[in-house]
Amino acid sequence: MSVKERLIKFLKYKGIGQKKFADKIGVSSGYVNAIRISIQPKTLDKIAMHFPELNTSWLLTGEGEMLRNTDTPSSNENNIELLSKLLSEKDARLKEKDETIAALKDNLTSLQKQIALLESKIETPQYAERPTSKNDVSSKGKTAKNSAHITTLG
């Protein structure tokens with residue numbers, strides 16, 4: 001029996017048509033009829049994902065039983081346990097990040113209050129009256145002397 005014949009046997013067992021099977025695993029509707037020698041690993045992975053009860057070794061080689069042994073937990077059950085554990089870990093990391101963000105927000109608010117307090121203590125007019133450089137002081141002095149001198153001469 002060929003791979004194609006074994007796949008058709010499995011589909012009959014499941015009561016699934018070839019087109020529905022092809023749609024489910026994301027291949028063309030004529031995929032099953034086009035199988036010549038074997039199935040590509042990528043496609044085999046899709047089949048195994050959508051039909052975990054199918055023994056893929058049997059499908060490829062004809063050895064063993066068509067269906068996986070049901071006495072051991074299926075890979076889906078193991079995957080569910082793993083996903084549950086990963087989700088719990090992710091939730092814990094998210095909670096930790098949320099706490100960090102809340103602490104940083106509190107720190108930011110405190111710093112903004114300190115800035116506002118310091119800004120209120122600064123008297124802007126005091127700085128506006130001060131000369132900006134020594135040249136401003138000396139040029140004002142000279143201008144005053146020169147205008148006084150001109151007045152006396154004239």
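Buried means under 20% relative accessible area, exposed means over 50%, and partly exposed covers what lies in between, using a 1.4 Å probe on protein chains only. Keep that scale in mind for Lys-19, which counts as exposed at 52% relative accessibility.

Some ground rules before the tour. This is a predicted model, so to speak of local features we need pLDDT of at least 70, and side-chain atom pairs count only at pLDDT 80 or more, while totals for chains, interfaces and linings use all residues. Residues are numbered from 1 along each chain as its sequence is written, and side-chain values use heavy atoms, with hydrogens and water left out.

How far can you trust the model? The pLDDT (the predictor's confidence in each residue, from 0 to 100) averages 81 for the protein chain, and 75% of the residues score at least 70. Helices here are DSSP runs (H or I, at least four residues), numbered from the N terminus, with strands (E) needing at least two. Confidence is highest in H1, at 95, and lowest in helix H8 (residues 134-153), at a mean of 48. Over residues 138-152 the pLDDT is below 50, and this stretch has zero contacts in the model beyond near neighbours in sequence.

Now for the inside. A nonpolar core is a set of buried Ala, Val, Leu, Ile, Met, Phe, Trp, Tyr and Cys residues joined through side-chain atoms within 4.5 Å. The largest one has 20 residues, and Phe-21, Ile-39, Phe-51, Leu-54 and Leu-59 have the most contacts inside it. At least two residues of this core come from each of H1 (3-14), H2 (18-25), H3 (31-34), H4 (41-50) and H5 (56-61). H1 gives the largest share, four residues. In soluble globular proteins, nonpolar side chains tend to be buried together.

Take Ile-39 as a way in. Contact means heavy atoms within 4.5 Å. Leaving aside neighbours within four places in sequence, Ile-39 touches Val-3, Tyr-31, Leu-44, Ile-47, Leu-59 and Leu-60.

On to the charges. With a salt bridge defined as a side-chain nitrogen of Lys or Arg within 4 Å of a carboxyl oxygen of Asp or Glu, the count comes to two. In one, Lys-14 pairs with Glu-53, with the closest N and O atoms 2.7 Å apart. This pair links distant parts of the chain: Lys-14 sits in helix H1 and Glu-53 in the loop between H4 and H5, 39 residues apart. Lys-14 is partly exposed at 36%, and Glu-53 is partly exposed at 24%.

The other joins Asp-23 to Lys-19, at 3.3 Å between the closest N and O atoms. Both lie in helix H2, four residues apart, about one turn of the helix. Asp-23 is partly exposed, at 48%.
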